[in-house]
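Hello,

Here is the structure you are taking over. Please open it first, then read my notes below.

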Amino acid sequence: EGTLLLAEEDFRGAARKFSKALSSGRTAADLLPNTWSDLALCYDKLGELDKFLDAAKKCVAADPTFTRGYIHLVRAYQRLWRFDDAREAIRAGLEEDSRTRTDTSWFGGRRSEDIECLKK
């Protein structure tokens, strides 16, 4: 139900549905990262940045190999003007991603280029 509301850009309604699903404790473990990710997206669109950051952190905690969680986390930190934290989230995401993926970058190039850029 939350996914349909999200597709209709009813971010407030979708956030309520995702929050309810997560608080019920009945969300299947394999769906937790996607549900936290969708909730994070809703809060991002609503401009509720503290909730956005919290949902992004919980998304990463639910599955550290779920790249979208790190992308939300980076965006949340950027929107909160916490650029050092955003940089660390990029670094952590790239390190985790390197364990499970090829050398493809999050940004369209090569991961080695991303890592070199972070050193600057």
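How many residues does helix 5 have, and how far does it reach from its first C-alpha to its last? Helix 5 covers residues 67–79, which is 13 residues, and it reaches 19 Å. That is close to the 18 Å expected at 1.5 Å a residue. Its buried residues are Thr 67, Gly 69, Tyr 70, His 72, Leu 73, Val 74, Ala 76 and Tyr 77. After helix 5 comes Trp 81, with a positive phi near 65°.

A word on confidence. The model is predicted. Mean pLDDT for the chain is 84, and 81% of the residues reach 70 or more. Among the elements, helix 4 (residues 49–62) has the highest mean, 95. Helix 7 (residues 111–118) has the lowest, 53. Where pLDDT is low, the predicted coordinates should not be read in detail.

Next, the core. The largest nonpolar core holds 29 residues. Leu 39, Cys 42 and Leu 73 touch the most other members. Helices 1, 2, 3, 4, 5 and 6 each give two or more residues to this core. Helix 4 gives the most, with seven. Leaving aside residues up to four places away in sequence, Cys 42 touches Leu 6, Phe 11, Ala 14, Ala 15 and Phe 18.

Last, Leu 41, which is found in helix 3 (residues 32–46). Leu 41 has a relative accessible area of 27%, so it counts as partly exposed. Beyond residues up to four places away in sequence, Leu 41 touches Leu 6 and His 72. Its C-alpha is separated by 8.4 Å from that of Phe 11, 30 residues apart along the chain.

Best wishes

Notes: Residues are numbered from 1 along each chain as its sequence is written. This is a predicted model: local features need pLDDT of at least 70, side-chain atom pairs count only at pLDDT 80 or more; totals for chains, interfaces and linings use all residues. Side-chain values use heavy atoms; hydrogens and water are left out. Helices (H or I, at least four residues) and strands (E, at least two) are DSSP runs, numbered from the N terminus. The expected span of a helix is 1.5 Å times one less than its number of residues. Buried means under 20% relative accessible area, exposed over 50%, partly exposed in between (1.4 Å probe, protein chains only). pLDDT is the predictor's confidence in each residue, from 0 to 100. Contact means heavy atoms within 4.5 Å. A nonpolar core is a set of buried Ala, Val, Leu, Ile, Met, Phe, Trp, Tyr and Cys residues joined through side-chain atoms within 4.5 Å.
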